[in-house]
Amino acid sequence: MTAPLVYVLNGPNLNRLGSREPEIYGSQTLQNVADLVSGEAEALGLAADFRQTNDEAELIGWIHEAVDRGADVVLNPAAFTHYSYALRDAAALVTSGGSRLIEVHLSNPAAREEFRHTSVIAGVATGTIAGFGSDSYLLALRALAR
């Protein structure tokens, strides 16, 4: 039996983890996070497809790919969280199609600058996990494995 596929998708600037504002985002690199996600997914009987892009159109294309495959999505939309209605509409395709989408954030946006307090993704997501660093991803995978 094939392990259920989960797309773990990451938006802009997350490729700079480890060097970008470590006091907020921690010292782990994106590769460190990918390795943690891969190990946790395997332990939970899931197959994680971990990707990152700084390009909104590419991220939307990956969500469409997940929809077409009937896969669940763990999404860290990064800055797109706050204004990308195109990404929101793509995310809605996941949940309206019967799959689950969990929005994740390394930091807690609600405890940061005012412009970060609004998520256009949250209203169409199955749930949101924020503020636990890389553990946010692991908690999302655990929720999907249940």
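## Largest nonpolar core

In this predicted model, the largest nonpolar core comprises 21 residues, and the members touching the most others are Leu9, Val73, Leu75 and Leu101. Two or more residues of this core come from each of β1 (5-10), α3 (56-69), β3 (72-76) and α4 (85-96). In soluble globular proteins, nonpolar side chains tend to be buried together.

With neighbours within four places in sequence left aside, Leu9 is in contact with Leu59, Trp62 and Ile63, with Val73, Val74, Leu75 and Asn76, and also with Arg51.

Another core lies apart from the largest one and holds 19 residues. Among its members are Val8, Leu17, Val104 and Leu106.

## Positive phi angles

Asn13, a residue other than glycine, has a positive phi, near 75°. This residue is found in the loop between β1 and α1 (22-25). Asn13 counts as partly exposed because its relative accessibility is 36%, which falls between the limits of 20% for buried and 50% for exposed.

Ala78, likewise not a glycine, has a positive phi near 55°. Its place is the loop between β3 and α4.

Notes
Residues are numbered from 1 along each chain as its sequence is written. This is a predicted model: local features need pLDDT of at least 70, side-chain atom pairs count only at pLDDT 80 or more; totals for chains, interfaces and linings use all residues. Side-chain values use heavy atoms; hydrogens and water are left out. A nonpolar core is a set of buried Ala, Val, Leu, Ile, Met, Phe, Trp, Tyr and Cys residues joined through side-chain atoms within 4.5 Å. Buried means under 20% relative accessible area, exposed over 50%, partly exposed in between (1.4 Å probe, protein chains only). Helices (H or I, at least four residues) and strands (E, at least two) are DSSP runs, numbered from the N terminus. Contact means heavy atoms within 4.5 Å.
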